[in-house]
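Subject: Structure for you to look at

Dear colleague,

Please read the text with the model open beside it.

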Amino acid sequence: MLTLKDPSLLRTRNFIDGEWVAGGAGTIDVTNPANGELVTRTANGDAADATRAVEAAAAAFRTWSRIPAKQRAVLLRDWFNLLMANAEDLGAIMTAEQGKPLYESVGEIAYGASFIEYYAEECKRVMGDTIPTISNDRRLQTYKQPVGVVGCITPWNFPNAMIGRKAGPALAAGCTIVIKPATETPLSALAMCDLADRAGIPRGVISVVAGSNSREIGKVLTQHQNIGKFTFTGSTAVGKKLMEQCSTGVKKISLELGGNAPFIVFDDANIDAAVTDCMGTKFRNCGQTCVCTNRIYVQEGVAEEFTEKLKKAIEALQVGDGFDKNTTTGPLVNQTAVHDMQAFVDDAKSKGGDIVTGGGVHKLGHCFFEPTLVTGVTADMRLANEEIFGPIAAIQTFTSEDEVIERANNTEFGLAAYYFTRDIGRVIRVAERLEYGIVCSNSGVFSTEVAPFGGWKQSGIGSEGGKEGIAEYFETKFHSMGGIE
Ligand code: SIN
C-alpha cells in the first residue's frame, strides 16, 4: 500500500491537452517489482490518444514558442520548485513502480528537477549570431528558433530524470512535448505532469500518453507530420528502429542508447577509491543504467588486492525491498532480467570463469538477483562483450596501457568509460584515446545537468545536459538582409 502525503499525485489517467483522460486501449497494471503486487492501474493509451496529444502540442506551440524566454523560465522555475517540494512523494511513487531504494529515488527526483532549473536559466542566454558581412548592402544574422513539437520516449530505469533531461530543455527552448513513458513506469511521468500543470504550464505544452502498445504510440511520435523532433533513451536495438521510422519525415533526432562501459584500474591507482567508485557505478540502480560499469579491467599487479576488496564490498550490499531503509540494492525490473543474469553467469561458468560471490537468484526470489563477482573473464564470454544491465561485476586483467585501451575501445558502443591512475600524464593520454562520449578519471560519478551526456558510435546521437542539451531543440535560421545602403 503506497502512502503519500499528497495522494492526488498518484495519477492514473493520461494527460492530454490539459485534461486527464482514460486510455483508448483500457488500462495497464502497474506492479511493484519487489513483490509483484499491483500498485494501481493506469490508462493504456493508443495511437489515437498519441495523435490527439501531438495535435494539441502543435496548437500549443503557436503560443508557447512566442512567449519570451524570461516568462517561460518563470513557469519552469515554478515547476522545479514543485518537484523539489514533493520529492518524497515522487520518490515513493518511483520506488513502488520501479523498485530502486527510496534514497536513490529521492536522489533521482533532485537530479531530474535540476535539468528543469538549469534550462529555466539557460534559455535566457540562447544567442544567434551577427556575422561580419560580405558586402556593404547586406547584413547577415542567425536566429535560434524552437524545432516544434517534440515526441519523446523515456525508459523505466530513470522514470523521472530522463523526462526532466528532455522536457526541461525542450520547453525552455519554446518547444512543446508529448511523452510516452516506459510501460512499466507511467506513474512518475504522470505525477511530474500533474506538477507541471499546477505550475501553470499551459494546456497542450506537455502531455503524457502512457500505454503498453509502444510500437503504435512510437509510430505517431516519430512520424506524425506535426512532429519536429524525436528523442529517445533506451536500447540500441529499439533506437535503430525508431531512427528508421524518423527517416521517412526526416525528423531531427536525439538518441541516448546502450553502453558497455570499461572500468580500468592501473597499478598506480588508489585502490580503495577505485573499489568505492566501482561499487557506485556498477551497482547503482541494481546495475540497470546505460553508464554502469560493464567490463572491469585490472592491471595484473593489483588484481588480487582489488578483487579481494571488491568482493568484501559486494558482500556488504543489502538486497531488499526499496522501501526498507537498509536496502542498498533493489530488485531487477522483471523476471526476464533475472533469467538474463543467470544466463550470463552460466555462460561464464561454462567457459572457465570463477564465481567469487553470488551467482544466482537471491533468496528473496521474485525479481531479486544476488550481487555477483566473476573473475577470469575471457574475450569469448558474454560478460566481456554484452551490456549486462544487472548486478554482476566481471573482472578481466591486463598488462599494459596500450593493450587495455585497445580492448576498452573494442566495442560498437561508446557512452561512458572510467579509469583510475595517479599518473597525470596517463590521466590525459587515456582520456584522449578512449572512444567514448564521457570519460571519467579517478571517479565513478559524473552525472550532472551542467555538462553534456551523450554517446559515440552506437551509443547514440546528440547530447543531453549542458549548453549542448538545449541546442538540440533549436533550428538555426540564417537571415540574409539585402538592400541596405
Ligand atoms: C542512463 O543510464 O541513461 C542515465 C544515467 C545518468 O544520467 O546518470
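I begin with the largest cavity, which lies between domain 1 (7-257 + 459-478) and domain 2 (261-448), because both of these domains give residues to its lining. Please keep in mind throughout that this is a predicted model. The volume of this largest cavity is about 90 Å³, and 14 residues line it, those closest to its centre being Phe-158, Met-162, Arg-165, Glu-256 and Phe-453. Sorted by class, its lining consists of seven nonpolar, four polar and three charged residues. A search of the whole structure gives four cavities of 30 Å³ or more.

The largest pocket is the next feature to look at, and it holds about 1,200 Å³ of space. Its lining is made up of 40 residues, of which Trp-156, Phe-232, Gly-234, Ser-235 and Val-238 are the closest to the centre. At least two lining residues come from each of helix 7 (214-223), strand 10 (227-233), helix 8 (236-247) and helix 11 (335-350), and helix 8 provides the largest share, with seven residues. Domain 1 (7-257 + 459-478) and domain 2 (261-448) each contribute at least three residues to the lining of this pocket, and by class the lining has 16 nonpolar, 14 polar and ten charged residues.

As for the overall fold, the protein has 14 helices and 22 strands. Its radius of gyration is 23 Å, close to the 23 Å that the globule rule gives for 485 residues, so the protein is as compact as a globular protein of that length. Along the principal axes, the C-alpha atoms fill a box of roughly 75 × 60 × 40 Å, and buried residues account for 58% of the 485 residues.

Side chains of opposite charge can pair when their charged atoms come close. In this model the count comes to 27 salt bridges, and I would draw your attention to a few of them.

Two of these pairs belong to helix 10. Glu-305 and Lys-309 meet through their side chains in a salt bridge of 2.9 Å, N to O, and both lie in helix 10 (residues 303-315), four residues apart, about one turn of the helix. Glu-305 counts as partly exposed because its relative accessibility is 38%, which falls between the cut-offs of 20% and 50%, and Lys-309, with a relative accessible area of 31%, is likewise partly exposed. Lys-311 forms a salt bridge with Glu-315, with 3.6 Å between the closest N and O atoms, and these two residues also lie in helix 10, four residues apart, about one turn of the helix.

Which class of burial does Asp-347 fall into? Asp-347 counts as buried, because its relative accessibility of 13% is under the 20% cut-off, whereas Lys-351 is partly exposed, with a relative accessible area of 34%. The side chains of Asp-347 and Lys-351 meet in a salt bridge of 2.5 Å, N to O.

With best wishes

Methods:
Residues numbered from 1 in each chain as written. Predicted model: local features only at pLDDT ≥ 70, side-chain atom pairs only at ≥ 80, totals over all residues. Heavy atoms only, no water. Salt bridge = Lys/Arg side-chain N within 4 Å of Asp/Glu carboxyl O. Buried < 20%, exposed > 50% of the residue type's maximum accessible area, 1.4 Å probe, protein only. 1 Å grid on protein atoms, 1.4 Å probe; cavity = no way out; pocket = protein on both sides within 12 Å on 5 of 7 lines; lining within 4 Å. Points joined across faces, edges and corners; volume = space filled by probe spheres on them. Nonpolar A, V, L, I, M, F, W, Y, C, P; charged D, E, K, R; others polar. Domains from an automatic or database assignment. Rg over C-alpha atoms; globule rule 2.2 N^0.38 Å.
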